[in-house]
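Good morning, and thank you for coming.

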Amino acid sequence: MPYELLFSDPKLVKRFKTALELENKFVKPIFEDGVNKVVRTTITDESDPLLLNPDCFKIRKYNFEASTVDGNETTLIGFSRAFLKECRVTNVEELLACLPLRYTIYSPLLLFNHSSKKSYSNSKWKKFFEDFGVETKDKYFKLLLARVFPAVHLTHVAINMPIIESDVMRRPFNIYPLYGEMISPSLDLSRDDLWDRPTSSDLQNTLWCHTVQNGIHQYWAPIFSMFSRGNIKEKKRIMDTFQDISGNDVVDMYAGIGYFTLSYLKMKARRLYCFELNPWSVEALRKGLQANKFDIQRCYIFNESNENCIKRIR
C-alpha cells in the first residue's frame, strides 16, 4: 500500500506536491482530514527520500491500486465515473465536471465544502439522484465511504453551507445532509425547545463530530452548533504568546464549543468562567472537558447571555 502525507502546516504542501509531480508520484486531489492537509502519493517504499521529512509531515498508508486517476476507483473521480457508468448514465462527463473535490473529515462525518459549481447540490447531481431514487443515492454514498475512505470510520455525508449572519448563536441551519441521519427521526427540528432547551434524550439522539487541534479534543453537533476550523491558528498564537494565563482566572465571553476555553485550560488557567447562549454548544464544551480530562471544577459554565457576567463572577 502506498503512503499519504499529512501536513499540519498547509504552507509546506506546495513544495512537496511539486517534488512529487516531478517524479510522477503525486495523486490528486489534495484534501483535508481534520486539521491536516493530506497529499496522496504512489510511493510504497518507506525509505523513499521524498518521505524522509518527519519535521514537515507525518505519513500513513492508504488503500490504492496503482492506475490512472480517472480509472482508479479509490478516488472520488474514479469511483464516481465507474458508478455512473454502471448506472448507464449518458451525461457522465457533465456530472463529473460538477463533482466536489474539496472536503474535510470530521469523524464520523465527511463534510464537503460549499460551492456554487462543484457540488452534489448542483442541479445535474440533484436530477441524477431524483431520477434514480433514494436507494441508488444511498448506495452511491455508502460505497463512496467504503472505497475512497476505507481507513477512516465514516458514516455520514453532508455539504457545509454559509452561516446565517443574523443568527447570534451562529447555528448551521443550512447544513445539507446527503447520507446518514444527522438526528434521530423522532426529533422535530421545528420544536423551539429542541434548539433552546434540549433534553438529555435530545442530546443523545443526534450526530456528534470530533476533531483534534493543537492536541486538544473538540466535539460539536453539526446540526445545532458550528465548528470554525480556521480558529486553529489563533488558538496556537494564544498558546504560544500568552504564557501568563497559567495560574490566572479567565473569562470567556463567547465560549461556544470551547474553541479557546479548552486552550486556556491546557495552559493551566486556574479557573474559567464561560458564557454561552447555545445549549448544544454548552454540551459540546462539556464533552470536550471530559475528553481532554480537564478538571471540571475549574470550569464554570453559564448557559446564558454574558450581559450579567460581572455579577456572576464576583
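Predicted model: local features only at pLDDT ≥ 70, side-chain atom pairs only at ≥ 80, totals over all residues.

In helix α1, residues 13–22, the buried residues are V13, F16 and L20. Because they span an arc of only 80° around the axis, they lie on the same side of α1; the arc is taken from the directions from the helix axis to the C-beta atoms. Buried means under 20% relative accessible area, exposed over 50%, and partly exposed in between, with a 1.4 Å probe and protein chains only. Helices (H or I, at least four residues) and strands (E, at least two) are DSSP runs, numbered from the N terminus.

Residues are numbered from 1 along each chain as its sequence is written, and side-chain values use heavy atoms, without hydrogens and water.

What covers the buried residues of α1? The cover includes β1, β2 (26–33) and β3, where contact means heavy atoms within 4.5 Å. On the face turned away from the buried side, α1 carries the exposed residues K14 and L22. Just after α1, N24 adopts a positive phi of about 55°.

I turn now to the pocket. The largest pocket is lined by 24 residues, and S8, D9, P10, V35 and I232 are those nearest its centre. Elements giving two or more residues to this lining are β1 (3–7), β3 (36–41) and α7 (231–241). A pocket is an open set of points on a 1 Å grid over the protein atoms alone, where a 1.4 Å probe fits, with protein on both sides within 12 Å along at least five of seven lines; lining residues have an atom within 4 Å of a point.
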